[in-house]
Amino acid sequence: MKRIGILTGGGDAPGLNAVIRAAVKTAESQCNCEVLGIRNGFDGFLDPEGIVPLDAAAVRGILPRGGTILGTANRGNPFAREVEKDGKIVIEDVSGEVVAAIQALELDGLIVVGGDGTLRIAMEMHQKGVPVVGVPKTIDNDVGGTEITFGFDTALNIATEAIDRLHTTAESHHRVMVLEVMGRDAGFIALHSGVAGGADVILIPEIEFNYEAVCRKILQRVESGRDFSIVVVSEGARLAGGEQVFRDTGDAVYVARLGGVSYFVGREIETRTQAETRVTVLGHLQRGGTPSAFDRWLATRYGANAVKLIEDRKFGHMVALKDAKIEATPLEEALAVPKRVNPQGDAVWAARGVGIAFGDEDA
Ligand code: F6P
């Protein structure tokens with residue numbers, strides 16, 4: 001009987017449990033494999049209670065559940081792990097210990113479910129001889145080598161619902177409503193939800209904006225009798241010159257977190273246009289809760305096919321959606337270039353076509 005490990009790393013995303021369930025059920029039914037769940041990302045390999053056997057009974061009922069039954073870790077990079085030494089926190093490379101723990105478990109394959117950070121760790125583990133396969137997860141949809149990551153669709157639906165709700169109150173009060181969504185350096189959540197929700201302005205990291213163009217759009221609407229506006233701002237939006245707004249500075253282990261740009265945008269709009277303006281930061285509501293039907297479907301296909309990759313010994317690859325089919329993409333290729341919105345692509349062109357401003361328009 002073969003033995004497969006599975007772990008979830010980095011920020012959570014709706015659909016993680018659907019991947020775990022699909023992997024466990026497929027391993028049992030299709031290839032007579034047992035599955036071990038690793039708790040809290042790679043940290044679980046160094047934790048005496050970090051390994052849990054998973055069978056069909058253990059994953060029953062988790063398909064619609066948000067989060068991850070295995071737990072996850074944002075600071076769990078074994079190549080740069082925070083450890084306490086002589087009462088002080090120091091950063092150490094403990095990847096050798098993790099590799100030894102994996103070897104001791106005699107895993108025939110390890111499924112790593114994560115975004116670009118976790119998948120990069122997976123790739124480095126593979127280079128150290130660990131039989132790894134990846135599953136691309138993130139609400140940001142910024143992993144290369146696949147058309148879509150699971151989690152994105154749910155976040156997009158939540159953001160779109162938020163825009164719909166802001167629309168009615170904006171209209172009643174004749175206000176400008178600014179909504180900040182997540183996405184790090186990729187504007188997919190802002191672009192897709194902004195188009196789906198009929199926003200008037202969308203600000204994304206891939207298109208630098210200026211306040212003159214944003215306010216011109218809002219004032220044009222007022223002049224034409226539409227005295228309310230919806231502005232969707234990606235947390236990574238950049239002012240002309242490239243400046244972004246960060247919530248914290250990050251540290252040796254953890255990248256700096258973006259957030260808060262919408263407060264600056266809201267204040268400038270109010271000052272420059274005199275339109276009463278309110279700001280909503282959607283935050284982690286985009287990550288929590290039940291996955292959409294699409295994400296359950298995609299996550300199930302990803303989980304099942306990750307087991308197949310192990311059967312086919314396609315280590316160092318991740319499952320990916322290409323032309324509506326699940327394929328294997330080398331992790332190295334997927335991580336070489338992060339995925340971003342194409343400012344010249346048809347999606348931005350269509351958005352401009354329906355009158356949405358990106359804050360880069362000439363007078
Ligand atoms: O990568 C997913 C994501 O939700 C980003 O959109 C966001 O910038 C970041 O994680 C937030 O991280 P944390 O949960 O650590 O605040």
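## Ligand contacts

An oxygen atom of the ligand lies 3.0 Å from a side-chain N or O atom of Arg257. The protein covers 85% of the 390 Å² of accessible area that the ligand has on its own (Shrake-Rupley method, 1.4 Å probe). This is a predicted model, in which local features need pLDDT of at least 70, side-chain atom pairs count only at pLDDT 80 or more, and totals for chains, interfaces and linings use all residues. Residues are numbered from 1 along each chain as its sequence is written, and side-chain values use heavy atoms, with hydrogens and water left out.

Asn74 also has a side-chain N or O atom 3.3 Å from an oxygen atom of the ligand. In Gly183 a backbone N or O atom is 3.1 Å from a ligand oxygen atom.

## The shell

The residues around the ligand (a heavy atom within 4 Å) are Asn74, Ile139, Asp140, Met182, Gly183, Arg184, Glu235, Tyr254, Arg257, His284 and Arg287. By class, 5 of the shell residues are charged, 3 polar and 3 nonpolar; Tyr counts as nonpolar and Gly as polar.

## Domains

The chain is assigned domain 1 (3-150 + 291-322) and domain 2 (155-287 + 342-353), with bounds from an automatic or database domain assignment. Their centres, taken over C-alpha atoms, are 33 Å apart. Contact (heavy atoms within 4.5 Å) joins 15 residues of domain 1 to 14 residues of domain 2. Domain 1 and domain 2 each supply at least three residues of the shell around the ligand.

Technical notes:
A polar contact is a pair of N or O atoms within 3.5 Å; within protein, one must be able to donate a hydrogen and the other to accept it, and residues adjacent in sequence count only if both atoms are side-chain atoms.
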